[in-house]
Every structure is written in C-alpha cells, then in structure tokens.
Amino acid sequence: MGRLLVVSDTLAGGLGALVRLQAEWFAGRGWGVIVAAPADGAAPAAPAIWVEIPAVVTARRAGEMRAARRALHALQVLVDDNTVVHVHGMRSVLLARLAGLPTPFLSVHGAHPDPSDPPGYARLRRLWLATLPRLARRASTGEPGYPKPWVYEPYASPALRALDVMGLPSGEVPVIGWLGALDQRKQPEIFVRAIAETVRRGQRVRGLLGGTGDRGDEIAALIAQLGAPVEMLGQADPATVLRRSWALALFARSEGTPLAVMEAMWAGRTVVGSPVPGIELLVGDTGFIAGTVDAAADAFVRIATDRDATTRLGLAAAQRVRELVGPWTPWDTMEPIYRAYLATRAR
C-alpha cells in the first residue's frame, strides 16, 4: 500500500474534521497515513500518525513560516516514490514547496478575506489563487466558482455517517436552528434579529443557536436587548440542534460548501441561507435564500406557519444532498487518482 502525507493549516473546526475524515478513510484502506498539522484541534485517530508542526496564523509572519518550513523539511525522510503528499490550505502548499516536499495535491476550502488584511491584500490574495494551481499536481476547492484549472470538489461532513432523516419535532412552538461560529463572517446577528422580527410580526418561533466564537458576549447582549427567544447552546452536536429544529439558518458572508447546511439537509431539514455560491448550490429549490433580516424573517414565517410544506421541503433537501455527496466524498474518488499517480512514479 502507499503512504499518504497530509499537511494542513489547522486541525480545528470544519477543516480539521475533514482532515481527520481523510486520514480515517485512507488508514482504513491500508495506507500509511501521516498528518502534519498544528496542535489546535483533535488529532487523527490511530493508526494514522500525527506530527505536530508550528501554527502559522498568516503567511505575513515570516518567523512562523520559517519554523513551520523547518518542521516540514524534517519530514522528507518519510517521503519516497510510494508517497502521496496532500495539503489543505493556502499557507500549507507554500510551506510544502519551500520545504522541498514533492509536488502536492491541493485542497483549498475557501479563500475568504481576513479582517486583519492590510489595504490591497485582497488583490494579492486573488493573484495568489491564480498562481496556486501551478504549485500543485491537482488543485481542488470546496467553494464553487473558481476558474479552471481549479476543480470544484464538495467535501462531506464527517457527521453524515451518524445522521439520518428525522421527523420534525412535536413541540408547539416552531424552532429554527443555527450551527456555526459566532464571528464576523458567519453573521449570527442576522439570525437573532430575524427571530426577533418574526416574533414582532406575531408569529410564535424560537431560535436555537449552536456555536462559539469571539462574538459570543456580543450576541448574548443582542439577544437580551431585543428580547429575542433565542437559546444559546455553546458548542453543540449537530444532531442535537437538528433534532430540536424545523429548519436551519446560516447567513455567512462567504462560504465553501458549508458542512452545517449539508448536515441539516441530510437530516431532512430545509435551510434558510445567505446568497453565496456554496449555499445556493446545496440548497437549490429545497430551501430559502435570504440575505437580509426581513428576507430571513419572511422565510421563518413561511416555515413556522406550514408544517406540512416544511416537512416536504426537508425531504426534498435530504434527497438533493444525497445526489451531491456521500459520507466519504471526495476521498473514495480520490484514492484511484492517488494510485494512478503512484503508478507513474513507479515507472
């Protein structure tokens, strides 16, 4: 069997979950798997091996980049003609090439603007995105809309294997759920304001907010200020939120193919989401696209006032997402690509 060296910017959040799923798939298929990533999230399960490398917050921090490059350079002794290198993230591909590792397979899960970016950095980021495929054997992205030679590739949530279609809960008051970080990009304030606006219109509804982040105190204060019937759960298991909810909302400014939306649809929940390509692609005609508080409240009212229609939308969502991804997407289709690559190395 081959060896797979996975290099990732992080083991935290959704990206960390995808890396662990990749490691699990290939280790289970007999590959020797090594994951090189910072110690900022759960390590991959055995028999995959985790090698800690220094975290790099931004490529603009030269000292962090040098330390991470040195750590990756030391892994060269593990790389031979039977090794595939796969990197996750824009920083990791640069580090892998600087460290002298073989030309990697590359996954970028969304090149979102960073509030700390200096003026003009967004243009530099776009130029870097155009350059990245030249540094990789194959460049794929979980965010639709990138030009060729980028390959669009949805990445399945690891939670899908533990989820199935659920009936709507039987409570008297409809509940709208939220799964996501409490940060600037996810815009949880739209969710809170939309719940408050739905109630102001005379419709009984409650919000269930699962997630943590640096805006947690701010969002709690907004809930109190508006008197919005929103329960903050903190970090929550997706199944827990979805089992209690009629629908899921997500109002991010930018997204790849969001795992929370995928999980909700897999469980038979319609989605109210912002007009970004990754959400629009998943939801199709099985949910609601809403970019403002009023539009979100319109959707919440429709969901809360027609249980039967909401159930039908949820079942349609479950069917649609299963046509787009499976529990191991894309690793089950990547394995033959890796093997074909190794076959060329063996000649």
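In this predicted model, a residue counts as buried when its relative accessible area is under 20%, as exposed when that area is over 50%, and as partly exposed in between.

**Figure 1. Alanine 159 and its neighbour in space, proline 238.** Alanine 159 has a relative accessible area of 21%, and because this value falls between the two cut-offs the residue is described as partly exposed. Alanine 159 belongs to the loop between β7 (151-152) and β8. Although 79 residues separate alanine 159 from proline 238 along the sequence, their C-alpha atoms are 7.7 Å apart in space.

**Figure 2. The open sheet of seven strands.** Strands of a sheet pair through backbone hydrogen bonds, and the pairing may be parallel or antiparallel. Here the pairing is parallel, and the strands follow one another in the order β3-β2-β1-β4-β5-β6-β7. At the two edges of this sheet stand β3 and β7, each of which pairs on one side only.

**Figure 3. Strand β2 between its partners β1 and β3.** Of the six residues in strand β2 (residues 32-37), five are buried, so this strand is largely enclosed by the rest of the structure. Strand β1 (residues 3-8) pairs with β2 in the parallel sense over five bridges, while four bridges join β2 to strand β3 (residues 49-52), again with the strands running parallel. Isoleucine 34 of β2 stands opposite leucine 5, and isoleucine 34 also stands opposite isoleucine 49 in β3. Valine 35 in β2, in turn, has valine 6 opposite. When the view is widened to include helix α1 (residues 13-28), β1, this helix and β2 can be followed as a right-handed β-α-β unit.

**Figure 4. The open sheet of six strands.** In this sheet the strands are arranged in the order β10-β9-β8-β11-β12-β13, and their pairing is parallel. The edge strands are β10 (230-234) and β13 (288-289), each pairing on one side only. Strand β8 (residues 175-179) and strand β11 (residues 247-250) run parallel and are joined by three bridges, with tryptophan 178 having alanine 249 in β11 as its bridge partner. Strand β9 (residues 206-210) runs parallel to β10 and is joined to it by four bridges, and the bridge partner of leucine 209 in β10 is methionine 232. Together with helix α6 (residues 216-226), β9 and β10 make a right-handed β-α-β unit.

**Figure 5. Aromatic pairs, with phenylalanine 26 and tyrosine 338 as an example.** A pair of aromatic rings is described by the distance of the centres and the angle of the planes. A search of the whole structure finds eleven aromatic pairs. In one of them, phenylalanine 26 and tyrosine 338 have ring centres 5.1 Å apart and planes at 35° to each other, and the pair is classed as tilted. Since phenylalanine 26 lies in helix α1 and tyrosine 338 in helix α12 (residues 331-346), this pair ties together parts that are 312 residues apart in sequence. Phenylalanine 26 and tyrosine 338 are both buried. A second pair is formed by tyrosine 146 and tryptophan 150, whose ring centres are 5.4 Å apart and whose planes stand at 85°, so this pair is edge-to-face. Tyrosine 146 and tryptophan 150 are likewise both buried. Ring pairs also link a cluster made up of Phe26, Trp31, Phe105, Tyr155, Trp331, Tyr338 and Tyr341.

**Figure 6. The largest cavity and the residues that line it.** Rolling a probe the size of a water molecule over the atoms shows where empty space is left. Searching the whole structure in this model gives one cavity of 30 Å³ or more, and about 60 Å³ of space lies in the largest cavity. The lining consists of Ser8, Asp9, Pro38, Ile53, Pro54, Ala55, Val56, Ala68, Arg91, Ser92 and Leu95. Helix α3 (residues 90-98) provides the largest share of this lining, with three residues. Sorted by class, the lining has seven nonpolar, two polar and two charged residues.

Terms used. Residues numbered from 1 in each chain as written. Predicted model: local features only at pLDDT ≥ 70, side-chain atom pairs only at ≥ 80, totals over all residues. Heavy atoms only, no water. 1 Å grid on protein atoms, 1.4 Å probe; cavity = no way out; pocket = protein on both sides within 12 Å on 5 of 7 lines; lining within 4 Å. Points joined across faces, edges and corners; volume = space filled by probe spheres on them. Nonpolar A, V, L, I, M, F, W, Y, C, P; charged D, E, K, R; others polar. Buried < 20%, exposed > 50% of the residue type's maximum accessible area, 1.4 Å probe, protein only. Pairing = 2+ DSSP bridges. Right-handed = clockwise from strand over helix to strand, strands pointing away. Phe/Tyr/Trp six-rings, centres within 6.5 Å; stacked < 30°, edge-to-face > 60°.
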